Amino acid sequence: FLFILVSPVARHPNLLLSQFCASAETGGVFLFPLSSSQFSNTMVDYSKWNHIEVSDDEDDTHPNIDTPSLFRWRHQARVERMEKATSSRSTMDAKLAQNRVKLQEVDKKVASADDEKKKELKSQRAALKKEKEELEKEDERLRKEEQLTPWNVDTLSQPGFEKSVINKPKEPEADPVNEDEWADHYSKFVRQYSKKMKEFAMFSRHDDSERFLKDNTHLVCEHGANFLSIWCVDLCVEEKRSLMERVSRQVIVLQYMLQLAKSLGADPRGCIGPFYSKFKVADKEYQAAYEDEVRSFIERVEGRAQARLEAAVKEHEEEERKKRLGPGGLDPVEVFESLPDVLKKCFEEKDIGALQTAMSKLPKEEAAYHLKRCIDSGMWVPGGGAAGAAEGSEEGEAAAANEEGEAGAAAAGDEAEEEKYEDID
C-alpha cells in the first residue's frame with residue numbers, strides 16, 4: 001500500500017521524485033510537499049459552524065427535566081435576544097443617521113455665518129464629531145457581538161430569491177349563446193369529424209375505443225354524442241337494427257364521460273382514462289345500469305324513428321293531396337268520400353244520366369252543395385260531358401292505389417340504395 005501525506009516544504013523536486021518512487025516500491029509512506037499558502041487556500045474554513053444553537057444533542061436532557069418545556073424556554077430566550085439585538089441595531093442606525101444630518105446642517109451654516117456665529121457653530125461641530133466617534137465605537141462593538149452571536153434556525157440561512165408561479169387553467173370555449181350559433185358549431189363539427197365519429201362507433205371492444213379516443217380527444221364532446229344519436233335514428237329508419245344497437249352503446253359511453261366530467265368539474269377529454277379504468281373493473285350493478293341505459297336509449301331511438309316515419313308519411317300525403325286539388329282548392333278524394341252513396345255509385349259506374357237523375361231527386365240546396373264541391377274538386381267539369389265525369393271518378397277511385405304504389409316504390413328504392421358498413425372488431 002502507498003500512503004501519501006502532505007508536507008508544507010518543497011525545496012528539491014528531483015529528490016522528491018526519487019523518494020516517491022522508492023516509497024512506491026517498498027510500500028512506505030511518502031510526504032508530498034506543499035507550500036503553506038497553497039495549503040491554506042485548499043482547506044475549507046469550518047470555524048463559522050462551531051457555534052450553532054441547533055444541535056442533535058438537545059434531546060440528551062436530564063430525566064427530571066421536561067424536555068418540551070426546556071425547548072420552549074430556550075426558544076423564547078433566543079427570540080428575546082434576537083429582538084433586543086434588532087432593536088439595538090435599529091437604534092444605532094437611527095443615531096448615526098441623525099448625527100450625520102446634524103453635521104451637514106452645521107457645515108452649511110458655517111459657510112454662510114459671520115465670525116461670531118462661526119465660533120459657536122464650530123463648537124457644535126466639534127461636539128457632533130465627538131458624538132460621532134463614540135457612536136462609531138458603539139457600532140463597532142455591536143458588529144462584533146453580531147458576528148460572535150451563534151447561528152440558529154432563523155439565521156442559519158436566508159432565501160436568495162423567491163418566485164411563485166401559478167399555472168392558470170385554459171379557459172374552455174364559451175358555449176353558443178343562441179340556437180343559430182349552436183347549429184353553426186354543430187355543422188362545423190360534422191363537416192370535420194363525421195368520418196372519425198363513425199369509425200369510433202364501429203368499435204366493439206373497450207380497449208380499442210379507449211385507444212382511439214385518446215388519439216382523438218376532440219371527439220369527446222356534446223356534439224359527438226348528438227351526432228351518433230342522430231345517426232342511430234337514421235339507422236333505425238333504414239331498418240339496420242344490429243348496427244344501430246352497436247352505435248347506441250358508444251353513444252352511452254360518450255354520455256357517461258360527459259356526466260363524469262360535469263360532476264367533477266373537469267374537461268371531458270381528461271375523463272377518458274378514468275372512465276374506462278372504472279368501467280373495466282365495474283361491479284355487476286354498474287354493468288346492469290349501463291345495459292339498462294342502453295336499452296332505454298334504443299327504445300327512445302325507435303320511438304323517434306317511428307315519429308319520423310309518420311311525419312314523412314303525412315308530408316307525402318299532404319304533397320299528394322296538394323297535387324290532387326281541383327280548381328276550387330278541394331281534394332277530390334275527400335269530396336268523393338263525403339258524397340251520398342247514390343252519387344258515389346254514379347261516379348263509380350261513370351253514368352252521367354244516373355248522376356243527373358240522382359241530383360234531381362236530392363233537395364235543391366243539398367244538390368247545389370254537392371254539385372259545387374264536385375266542380376271545385378275537379379270531379380265534375382261543367383260542359384265537359386262524360387269525359388269530365390269519367391276523369392273525376394277515375395281520380396277519386398284510384399287515389400289510394402296511387403299512394404300505395406308510390407310508397408312501395410320509395411321503399412324499394414331505399415332498399416336498393418342501402419349503405420354498407422364495415423365492422424371493426
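Colleague: How far apart are Trp182 and Tyr186 in helix α5?

Modeller: They are four residues apart in α5, so about one helical turn separates Trp182 from Tyr186. Helices here are DSSP runs (H or I, at least four residues), numbered from the N terminus. This is a predicted model: local features need pLDDT of at least 70, side-chain atom pairs count only at pLDDT 80 or more, and totals for chains, interfaces and linings use all residues. Residues are numbered from 1 along each chain as its sequence is written, and side-chain values use heavy atoms, with hydrogens and water left out.

Colleague: How many aromatic pairs are there in the whole structure?

Modeller: A search finds eight. Rings of Phe, Tyr and Trp (its six-membered ring) pair if their centres lie within 6.5 Å; planes under 30 degrees apart count as stacked, over 60 as edge-to-face and the rest as tilted. The ring centres of Trp182 and Tyr186 are 5.4 Å apart and the planes are at 5°, so this pair is stacked.

Colleague: What angle does α5 make with helix α6?

Modeller: About 160°, with the axes of α5 and α6 (residues 206-215) 10 Å apart. Axes are lines fitted to C-alpha atoms, for helices over the stretch in contact, and angles run from 0 to 180 degrees between N-to-C directions. That makes α5 roughly antiparallel to α6. Angles under 35 degrees count as roughly parallel, over 145 as roughly antiparallel, 65 to 115 as roughly perpendicular and the rest as oblique.

Colleague: Which residues meet there?

Modeller: Lys196, Glu199 and Phe200 of α5 meet Ser209, Phe212 and Leu213 of α6 (contact means heavy atoms within 4.5 Å). By class, that is three nonpolar, one polar and two charged residues. Ala, Val, Leu, Ile, Met, Phe, Trp, Tyr, Cys and Pro count as nonpolar, Asp, Glu, Lys and Arg as charged, and the others, Gly among them, as polar.

Colleague: And where do α5 and helix α8 cross?

Modeller: The axes of α5 (residues 179-201) and α8 (residues 241-264) come within 9 Å and cross at roughly 105°. That makes α5 roughly perpendicular to α8. Met197, Phe200 and Ala201 in α5 meet Arg246, Val247, Gln250 and Leu254 in α8.

Colleague: New topic: how do helices α12 and α13 cross?

Modeller: At roughly 165°, with the axes of α12 (residues 341-349) and α13 (residues 352-361) coming within 8 Å. That makes α12 roughly antiparallel to α13. Val342, Leu343, Cys346 and Phe347 of α12 make the contact with Ala354, Leu355, Ala358 and Met359 of α13. By class, the contact has eight nonpolar, no polar and no charged residues.

Colleague: Last one: what is the average pLDDT of the chain?

Modeller: It is 76, and 73% of the residues score at least 70; pLDDT is the predictor's confidence in each residue, from 0 to 100.

How values were computed:
Helices (H or I, at least four residues) and strands (E, at least two) are DSSP runs, numbered from the N terminus.
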